[in-house]
Amino acid sequence: MTNKITLSSLEENDFDEIVSSFKIIGWNKPRSIYEAYFTEQSDNTRSAIVAKENGKFCGYVTIKWKSDYDSFSQQNIPEISDLNVLPIYRKHGIGTALINECETISKKRGYTNIGLGVGMTADYGDAQRLYVRLGYIPDGRGLHYKCGSLQYGNQVKIDDDLVLFFTKSISSCDYHRIDLPTHIETPRLLLRPPQANEGKILNVAILESFDLLNKHMLWAKEKPSIEESEAVVKREAKNWILQIKSDPELMLFILDKNTNDLIGATGFHGIDWDVPCAETGYWVRKKYLGQGYITEAINAITQYAFNVMKVKRLVITCDVDNERSKKIPERLGYQFESTMRANRIKPISGEVSDTLVYVRNDLNNLPELEVIWKNENT
């Protein structure tokens, strides 16, 4: 089952689920907290965002539009506050998604900077690392206790109120959050994002077909380990949640709709969301060669690209000697645009080679194929 994360404003019917979810793990989070957040949300002094994975509560965060911390308040910096993700849902990209949503909302309101405070004990270790990874830096004003600045010689109790404050410029954010259907279906195929714990499935398919992939695929220079394949599926699963601009890639598994066997992979890379435009590629498992699966899959994602992603340009490139690969765009009515001379290396020989470029700017004369796209469970 593909993990589908949704983010929405706190509603009254969320209170009981949140409280009971924390109670199960021994955290005391009384209903009064969320009643207060909801009231402040109605008063526009706070925003509260709830995350659900496959329809089940998994975390939340709030934004205080006027911080209790004097430095933020004086500089008109909103404060991200009370980020909580249930332990069983951590490392699913949910904390990152919640923070990114705070930045998006704040940017839409006209703010150019955003801030947060993080505790100093080991319990906050994961959060500290997350904030740094997302571009937050200390605000330079040292440690604070209950929002009061600490000076040399001060003695305080080490608890959750001992905080270091961080800020980040959000005038230019490194992500582009849009809602894309995650499932694409054709008469024979299901195309969907990979998910955590599918690294072994991917690894088996790659190793089974490595003698073919190694001839032309630039990423197939060496046989990957299961751990390396698992890192790939985790990264790609997160990309579908966040659509991060610095890693503009959306991978799709190609599965047999009846058996759920992995046939190959495709997706979009080199995405420029501002145009928008993208490139697609593909590979097929050795045992599925010559059965028309890739032609069917690329027809489907071509329709998806123009109808859903609203691209203006979709590109397919391949090695000049890859006869099987170049038949796909030719079959599907892509126009040959150019040959990029001496711009790639053949994985096996190290020989310098050329790349063929095929392009579509619309769906005119694309062979007919019944395709539907949807989010899981819809």
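Visitor: Is S325 buried or exposed?
Guide: This is a predicted model. S325 sits in helix α10, residues 323-331. Buried means under 20% relative accessible area. S325 has 9% relative accessibility, so it counts as buried.

Visitor: Which residues does S325 touch, leaving out those up to four places away in sequence?
Guide: Contact here means heavy atoms within 4.5 Å. On that basis, S325 in helix α10 touches Y282 and C318.

Visitor: How many helices and strands does the protein chain have, and what box do its C-alpha atoms fill?
Guide: The secondary structure comes to ten helices and 18 strands. Along the principal axes, the C-alpha atoms fill a box of roughly 70 × 40 × 40 Å.

Visitor: What percentage of the residues count as buried?
Guide: The protein chain has 378 residues. Its accessible surface comes to about 19,000 Å², with 48% of that belonging to carbon and sulfur atoms. The buried share of the residues is 51%.

Visitor: What share of the contacts with a separation of 6 or more joins residues 24 or more positions apart?
Guide: Take the contacts in the protein chain with a separation of 6 or more. Residues 24 or more positions apart account for 66%.

Visitor: How far apart are the mean positions of the positive and negative charges?
Guide: The protein chain carries 47 positive and 51 negative charges. Their mean positions are apart by 2 Å.

Visitor: Which residues gather in the patch of positive charge on the surface?
Guide: Helices α5 (125-133) and α8 (226-242) each supply at least two residues of the patch. R133, for one, is found in α5. R133 has a relative accessible area of 62%, over the 50% cut-off, so it is exposed. The patch is made of K91, R129, R133, K234 and K238.

Visitor: How many salt bridges does a search of the whole structure find?
Guide: Side chains of opposite charge can pair when their charged atoms come close. Some salt bridges are linked in a network, including those of E208, D261, R285 and K287. The search of the whole structure finds 25.

Visitor: How many residues apart in sequence are the parts tied together by E185 and K257?
Guide: E185 forms a salt bridge with K257, and the closest N and O atoms are 3.9 Å apart. E185 lies in strand β9, while K257 is in the loop between β11 and β12, so the pair ties together parts at a sequence distance of 72 residues.

Visitor: What is the N to O distance in the salt bridge of R192 and E198?
Guide: R192 is buried, at 7% relative accessible area. E198 is buried too, at 9%. Their side chains meet in a salt bridge, and the N to O distance is 2.7 Å.

Visitor: Which strands hold R344 and D319?
Guide: The side chains of R344 and D319 meet in a salt bridge, 3.4 Å from N to O. The pair links distant parts of the chain, 25 residues apart. R344 is in β16 (residues 335-345) and D319 in β15 (residues 313-319).

Visitor: Is D319 buried or exposed?
Guide: R344, across the salt bridge, has a relative accessible area of 11% and is buried. D319 has 2% relative accessibility, so D319 counts as buried.

Notes. Residues numbered from 1 in each chain as written. Predicted model: local features only at pLDDT ≥ 70, side-chain atom pairs only at ≥ 80, totals over all residues. Heavy atoms only, no water. Helix = DSSP H or I, 4+ residues; strand = E, 2+ residues; numbered from the N terminus. Buried < 20%, exposed > 50% of the residue type's maximum accessible area, 1.4 Å probe, protein only. Patch = residues over 30% accessible without salt bridge, like charges linked within 9 Å, V, L, I, M, F, W, Y side chains within 5 Å. Areas by Shrake-Rupley, 256 points an atom, 1.4 Å probe, with all protein chains shown as cover. Salt bridge = Lys/Arg side-chain N within 4 Å of Asp/Glu carboxyl O. Lys, Arg positive; Asp, Glu negative; His and termini not counted. Charge placed at Lys NZ, Arg CZ, Asp CG, Glu CD.
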